[in-house]
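Reader: I would like to learn to read packing and pairing in a model. Please take me through one.

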Amino acid sequence: MQLQDATTQTRDRVARAVLEHGPVTAAEVACTLGLTPAAVRRHLDALEEAGLVLAREPRPSAVRGRGRPARAYVLTDAGHASMTTAYDDLAASALAYLAEQLGPSAVEGFAARRVADLEHRYAPVVEAAGSAVADRAEALAEALAADGYAASTRPVTTPAGDVGAQLCQGHCPVQHVAERFPQLCDAETEVFSRLLGVHVQRLATLAGGAHVCTTHVPTRSTLPDSPEGRTTP
């Protein structure tokens with residue numbers, strides 16, 4: 001029994017690593033968790049057989065050393081669902097009733113109320129990061145990660161040459177409810193804009209079928225509350 005419990009716990013850790021870092025290779029998961037690549041591959045094979053993870057073939061242009069390029073893993077919809085609560089159906093039904101009785105604006109009001117707590121708690125953390133939008137985005141990602149959103153940021157440059165960052169969230173506690181009520185995603189995006197002081201753009205969502213929620217943050221922007229009107233790096 002103890003062996004079975006240990007195996008289950010390790011498999012859950014592997015699944016969580018894929019959730020937080022995917023697309024991710026077996027070697028990368030092994031490095032993150034301090035396990036051997038062979039052990040991680042066994043767990044990934046079991047998770048794939050259960051339909052909880054999906055292995056993506058490497059791009060033809062992927063450059064590696066000798067041998068076949070490694071596959072990268074992401075969670076499937078079933079994998080995400082296994083980490084959600086049992087209250088999704090109840091929450092969706094409640095919002096549907098709210099919309100039926102009071103109209104769509106009631107759902108928008110509920111969505112705004114839901115993220116108001118996040119905004120209140122995250123504001124001091126983001127403000128403490130200073131005026132540079134990139135630093136504020138990183139602080140926001142750390143706060144989201146602490147709340148279980150598996151969030152991270154990475155720098156990007158658009159084809160037009162605009163410098164920015166991508167704020168990624170590998171987990172959403174209301175993903176399946178947001179599939180029916182995108183107002184939840186819209187309200188969260190608006191909060192990110194207010195916290196960061198720039199207009200952000202949601203590029204993809206878990207609720208929309210992507211494997212991660214991705215938000216573009218323009219980091220070469222002027223903060224509205226900057227008295228000098230300076231441009232942040």
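**Helix packing, cores and sheets**

Author: Start with a helix pair: the axes of H5 and H6 come within 6 Å and cross at roughly 135°. Axes are lines fitted to C-alpha atoms, for helices over the stretch in contact, with angles from 0 to 180 degrees between N-to-C directions. Helices (H or I, at least four residues) and strands (E, at least two) are DSSP runs, numbered from the N terminus. This is a predicted model: local features need pLDDT of at least 70, side-chain atom pairs count only at pLDDT 80 or more, and totals for chains, interfaces and linings use all residues. Residues are numbered from 1 along each chain as its sequence is written, and side-chain values use heavy atoms, with hydrogens and water left out.

Reader: Which residues of H5 and H6 meet?

Author: Contact means heavy atoms within 4.5 Å. From H5 come Leu-95, Leu-98, Ala-99 and Leu-102; they meet Pro-104, Ser-105, Ala-106, Val-107 and Phe-110 in H6.

Reader: How many residues are in the largest nonpolar core?

Author: A nonpolar core is a set of buried Ala, Val, Leu, Ile, Met, Phe, Trp, Tyr and Cys residues joined through side-chain atoms within 4.5 Å. Buried means under 20% relative accessible area (1.4 Å probe, protein chains only). Here the largest core has 35 residues; among those with the most contacts inside it are Tyr-122, Leu-140 and Val-217. H9 gives the most to this core, with seven residues. A second, separate core has 17 residues, including Val-18 and Tyr-73.

Reader: What is the strand order in the open sheet of three strands?

Author: Strands of a sheet pair through backbone hydrogen bonds, either parallel or antiparallel. Two strands count as paired if DSSP finds at least two bridges between them. The order is S1-S3-S2, with antiparallel pairing. S1 (24-25) and S2 (53-56) stand at the edges with a single partner strand each, so one side of each lacks a neighbour in the sheet. Two bridges join S1 to S3 (residues 72-75). Thr-25 stands opposite Ala-72 in S3.

Reader: Over how many bridges do S4 and S5 pair?

Author: Seven, in the antiparallel sense. Arg-154 has Gln-166 in S5 as its bridge partner. Five residues lie between the strands of this hairpin, where Gly-161 takes a positive phi near 90°. S5 also pairs with S7, antiparallel, over six bridges. Six of the seven residues of S5 (residues 163-169) are buried, so S5 is largely enclosed by the rest of the structure.

Conventions
Buried means under 20% relative accessible area, exposed over 50%, partly exposed in between (1.4 Å probe, protein chains only).
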